[in-house]
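Dear colleague,

Please find below the structure that I am handing over to you.

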Amino acid sequence: MLDLLVINCTLPDGRKNQDIAIKNGVIAEIAPSLAGEAVETIDAGGNLVTPPFIDPHFHMDATLSLGLPRLNESGTLLEGIQLWGELKPHLTKEALKERAHALCKWSIARGTLAIRSHVDTSDPSLLAVEALLEVKSEIAPWIDLQLVAFPQDGYLRSPGAIENLKRALDMGVDVVGGIPHFERTMEDGRLSVIALCELAAERGLMVDMHCDETDDPMSRHIETLSAETTRLGLQGRVAGSHLTSMHSMDNYYVSKLLPLVAEAEITAIPNPLINITIQGRHDTYPKRRGMTRVKEMNAMGINVALGHDCVMDPWYSLGSHDMLEVAHMAVHVGQMTGVSQMQEMFDAVTINSAKALGLETYGLEPGKNADMVILQASDPVEAIRLRAQRLYVLRRGKVISKMAPQQAELSLDGEHYAVDFRHSPSSE
Ligand code: FE2
């Protein structure tokens with residue numbers, strides 16, 4: 001007897017009329033018209049069923065703090081960093097945890113069941129680290145939360161940062177972070193990348209650095225990150241987040257750089273909602289938009305995953321932790337409007353992110369965890385277009401969130417119409 005049968009599914013690869021059999025929290029089988037008794041059956045109604053969304057780049061220690069202690073009047077990165085500095089002395093573990101749990105409930109409702117969050121290790125009290133480690137174990141039944149030790153004030157620049165970061169790793173933080181473009185000099189940035197990669201290699205950890213989050217085309221720390229990854233044998237375990245300087249780099253240099261990134265098997269993690277609002281602020285016109293070279297990296301076979309980065313915090317006032325909103329922005333700002341490119345942006349918030357986090361039990365395949373989302377959409381492109389409703393969110397084969405389908409009821413000259421915005425492309 002199966003625990004659950006999800007019938008009449010369309011899968012992200014285009015297969016239609018598929019049934020998904022679930023037993024003991026694991027996918028037992030996927031095939032058309034599966035027979036077999038099940039305790040419960042859900043009819044997906046031909047809608048898209050996807051493995052959950054994954055956010056590979058987030059800041060859970062700052063989320064939902066908007067307005068504390070004041071709003072970011074200019075909307076700039078620098079005022080955001082200043083604001084975060086003003087807020088830090090007033091943070092309490094309880095309030096931080098409360099905000100993190102509130103955010104996680106939004107994430108679950110949006111079908112996001114794995115999150116990699118950076119946690120600021122600059123403060124010697126490591127209060128945010130302690131708080132998020134507790135949140136990680138409390139939320140584990142529903143969300144896989146991976147933490148990155150993030151030296152926001154600089155690894156070499158800020159006194160005590162090296163010790164604080166190592167203590168955070170000793171406490172159980174999973175991934176080594178960094179911020180080389182924020183160190184005092186290019187040389188210090190390079191040395192910080194080397195030191196942090198060596199630390200990760202010693203401890204057998206993954207690396208995810210805020211790397212070159214600047215409009216300065218000479219910010220080339222991704223080059224050192226790639227070279228160190230290869231030198232230390234860390235291939236496949238390293239991510240470069242943001243990489244916005246690549247937007248402004250010389251094309252000839254990029255043609256040398258991207259093969260190094262590919263060779264090191266680095267995951268690139270752009271954060272389009274934040275990059276488009278924060279970068280280019282010193283420009284008049286033309287105004288750069290700071291999105292890294294997604295199309296070119298995809299063409300090179302580099303793993304590209306998209307992050308949300310911020311929700312209602314000192315840097316970004318908007319958002320509801322919706323990874324389809326992230327993919328939607330990436331399609332626009334990256335000009336990824338080709339048919340297969342839009343599909344790639346859906347992959348960037350699902351399977352590519354799973355690869356970045358190293359989630360081995362993820363995916364819609366027999367033997368994988370029965371974690372999935374039923375969307376009110378017929379395919380990944382429609383899901384992005386509509387930022388489609390998450391009708392059901394399943395974790396280990398159990399429904400943990402439901403949302404009513406979106407539908408308007410029109411009354412026009414006495415005629416009634418139901419409108420839900422779905423529309424498949426004409427095949428004629
Ligand atoms: Fe970030």
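Helix H5 (residues 186-203) has 18 residues, and its end C-alpha atoms are 26 Å apart; this agrees with the span of 26 Å that it should have at 1.5 Å a residue. The expected span is 1.5 Å times one less than the number of residues. Helices (H or I, at least four residues) and strands (E, at least two) are DSSP runs, numbered from the N terminus.

This is a predicted model, in which local features need pLDDT of at least 70 and side-chain atom pairs count only at pLDDT 80 or more, while totals for chains, interfaces and linings use all residues. Residues are numbered from 1 along each chain as its sequence is written, and side-chain values use heavy atoms, with hydrogens and water left out.

Among the buried residues of H5 are Gly189, Ser192 and Leu196; buried means under 20% relative accessible area (1.4 Å probe, protein chains only). The cover over the buried residues of H5 includes helix H4 (161-171) and helix H6 (221-231). Just after H5, Gly204 has a positive phi of about 70°.

The domain assignment, which is automatic or from a database, gives domain 1 (2-51 + 363-408) and domain 2 (53-357). Their C-alpha centres lie 30 Å apart. Between the two domains, 21 residues of domain 1 are in contact with 23 residues of domain 2, where contact means heavy atoms within 4.5 Å.

The side chains of Arg390 and Asp322 form a salt bridge (2.3 Å, N to O); the term means a side-chain nitrogen of Lys or Arg within 4 Å of a carboxyl oxygen of Asp or Glu.

Yours sincerely

Key. Buried < 20%, exposed > 50% of the residue type's maximum accessible area, 1.4 Å probe, protein only.
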